[in-house]
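Subject: Structure for your review

Dear colleague,

Please find below the sequence and structure that I am handing over to you. My findings follow directly after them.

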Amino acid sequence: MSSEARLFSFSPETKTALRKFRLSTSRSNTPQAVIYQINKSTHEIHASDDGETYTSLQDIADELPDHTPRYVLLSHPITMSSGRLSVPYVMIYYLPVTCNNELKMMYAGAKELMKNTAECGKILEISDAEEMLEIEERLKSGE
């Protein structure tokens, strides 16, 4: 067992929700996102805002806190240059420059565990909530 798996945990409900979200959004016509956070005292990773599903990049940007990291699971349909529809499933690691070092270390330590548990293909990092609005272009460019 990796050290991250011993330090951080997911409730069975969270694991079920992660799997359900991944499977239910794979053919979605609209962006779908859920924001996750780490409970500072128990180190349990869980959905913020009761697992609300966001359908707009602007809504996600509005919900991200100014001084606290978050993980955002995003399934975003894009039309490739070839005209083919693709629905990449990515994790966005939001790490604002103004957050304290303790939180930076805690979220950095759980990043790979979150990615693997959520079964995301890729991690995109942002440091400002406004960068959420550029995610669609980053996905199209294959970044």
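Throughout this message, two residues are in contact when heavy atoms of theirs lie within 4.5 Å. This is a predicted model, in which local features need pLDDT of at least 70 and side-chain atom pairs count only at pLDDT 80 or more, while totals for chains, interfaces and linings use all residues. Residues are numbered from 1 along each chain as its sequence is written, and side-chain values use heavy atoms, with hydrogens and water left out.

The sheet and its helices

Helices (H or I, at least four residues) and strands (E, at least two) are DSSP runs, numbered from the N terminus; two strands pair if DSSP finds at least two bridges between them. On these terms, 5 strands form an open sheet in the order β2-β1-β3-β6-β7, and the pairing is mixed. The edges are held by β2 (45-47) and β7 (122-126); each has a single partner strand, so one side of each is left without a neighbour in the sheet. On average, and with direction ignored, neighbouring strands of this sheet are turned by 30° against each other. Here axes are lines fitted to C-alpha atoms, for helices over the stretch in contact, and angles run from 0 to 180 degrees between N-to-C directions.

Strands β3 (residues 70-75) and β6 (residues 89-94) run antiparallel and are joined by 6 bridges. Within this pair, Tyr71 stands opposite Tyr93 in β6. Helix α2 (residues 12-24) packs on the sheet, where it touches β1 (32-38), β2, β3 and β6, and its direction makes about 155° with that of β1. Helix α4 (residues 101-118) lies across β1, β2, β3, β6 and β7, and runs at about 175° to β6.

Which residues does Lys111 touch, leaving aside its neighbours within four places in sequence? They are Tyr71, Met91, Tyr93, Ile123 and Glu125. Lys111 is found in helix α4 and is buried, with a relative accessible area of 18% (buried means under 20% relative accessible area, exposed over 50%, partly exposed in between, with a 1.4 Å probe and protein chains only).

A salt bridge is counted when a side-chain nitrogen of Lys or Arg lies within 4 Å of a carboxyl oxygen of Asp or Glu.

- Glu125 and Lys111: the closest N and O atoms are 2.9 Å apart. Glu125 lies in strand β7 and Lys111 in helix α4, so the pair ties together parts that are 14 residues apart in sequence. Glu125 is partly exposed at 44% relative accessible area.
- Glu119 and Arg22: their side chains meet at 3.2 Å, N to O. Because Glu119 lies in the loop between α4 and β7 and Arg22 in helix α2, the pair ties together parts that are 97 residues apart in sequence. Glu119 is partly exposed, with a relative accessible area of 43%.
- Glu136 and Lys140: their side chains meet at 3.8 Å, N to O. These two residues are 4 residues apart in helix α5 (residues 135-140), which means that about one helical turn separates them. Glu136 is partly exposed at 28%, and Lys140 is partly exposed at 38%.

Nonpolar cores

A nonpolar core is a set of buried Ala, Val, Leu, Ile, Met, Phe, Trp, Tyr and Cys residues joined through side-chain atoms within 4.5 Å. The largest such core has 21 residues, and those with the most contacts inside it are Tyr36, Ile38, Ile45, Tyr71, Leu73 and Met114. At least two residues of this core come from each of α2, β1, β3, β6 and α4, with the largest share, 7 residues, supplied by α4. Leaving aside its neighbours within four places in sequence, Met114 is in contact with Phe10, Leu18, Tyr36, Ile45, Tyr71, Leu73 and Met91. Another core, of 19 residues, lies apart from the largest one and has Tyr54, Leu57, Ala129 and Leu139 among its members.

Aromatic pairs

Rings of Phe, Tyr and Trp (its six-membered ring) pair if their centres lie within 6.5 Å; planes under 30 degrees apart count as stacked, over 60 as edge-to-face and the rest as tilted. The structure holds 3 aromatic pairs. One of them, Phe21 with Tyr89, is tilted, at 6.2 Å centre to centre and 50° between the planes. This pair links distant parts of the chain, with Phe21 in helix α2 and Tyr89 in strand β6, 68 residues apart. Phe21 is buried at 8% relative accessible area, and Tyr89 is buried at 13%. Ring pairs also link Tyr71, Tyr93 and Tyr107 into a cluster.

With kind regards
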